[in-house]
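Subject: The structure I promised you

Hello,

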Amino acid sequence: MTSKPTDQTIMVAKPASFKPSGPLTGQIMVPGDKSISHRSLILSALAIGKSQITGLLEGEDVLATAAALRAMGATIEKKGDVWTVHGVGVGGLMQPETAIDLGNSGTSVRLLMGLVASHDISVTFTGDASLSKRPMGRVIEPLSAMGAEFTARMSSDGKACLPLTVRGLCPAVPLEYRLPVASAQVKSAILLAGLNMPGVTRVIEPVPTRDHSETMLKGFGADLTVEMDKDSNRIITLAGEAELSPQKIKVPGDPSSAAFPVVAALLVPGSDIVVENVGINPTRAGLFTILQQMGGDISFKKKRTVGGEPVADIHVKHSKLNGINVPADIAPSMIDEFPILFIAAALAEGTTTTSGLHELRVKESDRLKQMAEGLRIIGVELAEKEDGLAIIGSGGAPLPGGTNMPAIETALDHRIAMSFAVAGLATASGLTIDDIAPVETSFPGFADLMKTLAS
Ligand code: S3P
């Protein structure tokens, strides 16, 4: 594991080159789902007693959540393949002694802000250069309405950012809140705050986002219901003063990580791979649907349910892809997968257009800008709009690439790094990225796993 980047430490970038590849073959498993891993730790820390988790993602982001929960009183340890969490109970979090550094992880900071908001503690959160640029107002606003108080650094363009301090209120005030932006992080922050207050918290979701928090809260015994209203809004209602009971959790493989070998197999001629044990929750599986619509030979084998989540083995064969107009309303179900979709689009026949992607500008990096810049470097023609890219595909011909071209800037963004690593396999002469280190946040072992498919 690389050390966590903070304002206090100087990170050394690790450039990496990716060369054209022969056929990718074999069966692999990807690490555990990042969203479910964060939630497994958080909810286990709020249960009374001992929960056990297998398949937990041991990436930097999730380890940052674990460290934060330990600092607030939970006992979290690993023996063999099993993570054990001794929870403190809802309302039982303790005042941490120092500021909490969450590295690169937006999910950690936003979910933990919700947790702290309804506890009688005050916590300062810090993060790396990427996390420190990301907007926190979207969480501060509803949590302030619940009674929490915030002091945040204001960015030069007037956004509330890290470092920030949240002073929780106990008892806090329950809230009914309509999400102004499709964000599972904001939804989850409000629900986590709602666990430790009297009364009912309600979140209205006009556009559905990943529903792991709802599924897992119910699994831990919270009184939570989901209904659709006549205008197709999802109404999530949570009873406060919850008591959570400890669980045994099996975390499935992360579809957002599986996306990289899946696209690599589609792009590299002669490939035929299986990615086993991948979560295919419909709120996460938009990329696979779009790739199938582009002509990708992707099939789901051994479909089953694990811990309330749909799981399958994904079989992928090299395919000729066609450009497509990606409908804006599918974006939330593939919000983290656009960087790798853009790589697939760069090798498709014809033009792929995307829209409604303003959120991509406030992820670990400005993903529209970084992808546009990197794709241009390796010879792809495209147009960048405020809310999407239009990419003219090569029709399957290898992208030029070339190690004499400038290294592609990954901007502390794991998904930019992995997307261009996959692109490198489908170039005529390879490419270099300026830093592979960010991959450790979500997909430890990525480069080695990809090598096993090529050998
Ligand atoms: C996540 C939600 C998404 C996603 C992030 C993980 C989560 O963010 O981009 O990687 O675990 O809730 P938003 O909810 O802000 O879109």
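**The four-stranded sheet**

Four strands form an open sheet in the order E4-E5-E3-E14, with mixed pairing. The edges are taken by strand E4 (75–79) and strand E14 (248–250), each with a single partner strand, so one side of each has no neighbour in the sheet. On average, and with direction ignored, neighbouring strands here are turned by 20 degrees against each other.

A word on where this comes from: it is a predicted model, in which local features need pLDDT of at least 70 and side-chain atom pairs count only at pLDDT 80 or more, while totals for chains, interfaces and linings use all residues. Residues are numbered from 1 along each chain as its sequence is written, and side-chain values use heavy atoms, with hydrogens and water left out.

Some terms before I go on. Helices (H or I, at least four residues) and strands (E, at least two) are DSSP runs, numbered from the N terminus. Two strands pair if DSSP finds at least two bridges between them.

Back to the sheet: E4 and strand E5 (residues 82–88) pair in the antiparallel sense over five bridges. Helix H1 (residues 34–46) lies across strand E3 (48–54), E4, E5 and E14, and runs at about 40 degrees to E5. Axes are lines fitted to C-alpha atoms, for helices over the stretch in contact, and angles run from 0 to 180 degrees between N-to-C directions.

**Two helix pairs**

Two packed helices are described by the angle between their axes and the distance between the axes.

How do H1 and helix H5 (residues 184–194) cross, and within what distance do their axes come? The axes come within 13 Å and cross at roughly 5 degrees. H1 and H5 are therefore roughly parallel to each other (angles under 35 degrees count as roughly parallel, over 145 as roughly antiparallel, 65 to 115 as roughly perpendicular and the rest as oblique). From H1, the contact (heavy atoms within 4.5 Å) uses Arg 39, Ile 42, Leu 43 and Leu 46, and from H5 it uses Ala 184, Ser 188 and Leu 192. By class, the contact of H1 with H5 has five nonpolar, one polar and one charged residues. Here Ala, Val, Leu, Ile, Met, Phe, Trp, Tyr, Cys and Pro count as nonpolar, Asp, Glu, Lys and Arg as charged, and the others, Gly among them, as polar.

The other pair is helix H9 (residues 338–346) with helix H11 (residues 414–425), packed at an angle of about 20 degrees with their axes 8 Å apart. H9 and H11 are therefore roughly parallel to each other too. In H9, Pro 339, Ile 340 and Ile 343 meet Arg 415, Ser 419, Phe 420, Val 422 and Ala 423 of H11. Sorted by class, the contact of H9 with H11 has six nonpolar, one polar and one charged residues.

H9 is mostly covered, with nine of its nine residues buried (under 20% relative accessible area; exposed is over 50%, partly exposed in between, with a 1.4 Å probe and protein chains only). Its buried residues pack against helix H7 (255–267), helix H8 (286–293), strand E18 (351–353), helix H10 (367–377), strand E20 (388–392) and H11.

**Backbone details worth a look**

- A cis peptide bond joins Leu 162 and Pro 163, with omega about -5 degrees; Pro 163 lies in strand E9 (residues 160–167).
- Another cis peptide bond joins Cys 170 and Pro 171, with omega about 0 degrees; Pro 171 sits in the loop between E9 and strand E10 (176–178).
- Ser 232 is not a glycine, yet has a positive phi of about 65 degrees. Its place is the loop between strand E12 (224–228) and strand E13 (234–239), and Ser 232 is partly exposed at 48% relative accessible area.
- Lys 302, in strand E16 (residues 297–306), also has a positive phi, near 50 degrees. Lys 302 is exposed, at 62% relative accessible area.
- E16 pairs with strand E17 (residues 309–317) in the antiparallel sense over eight bridges. Their hairpin has two residues between the strands, and Gly 307 in it takes a positive phi near 55 degrees.
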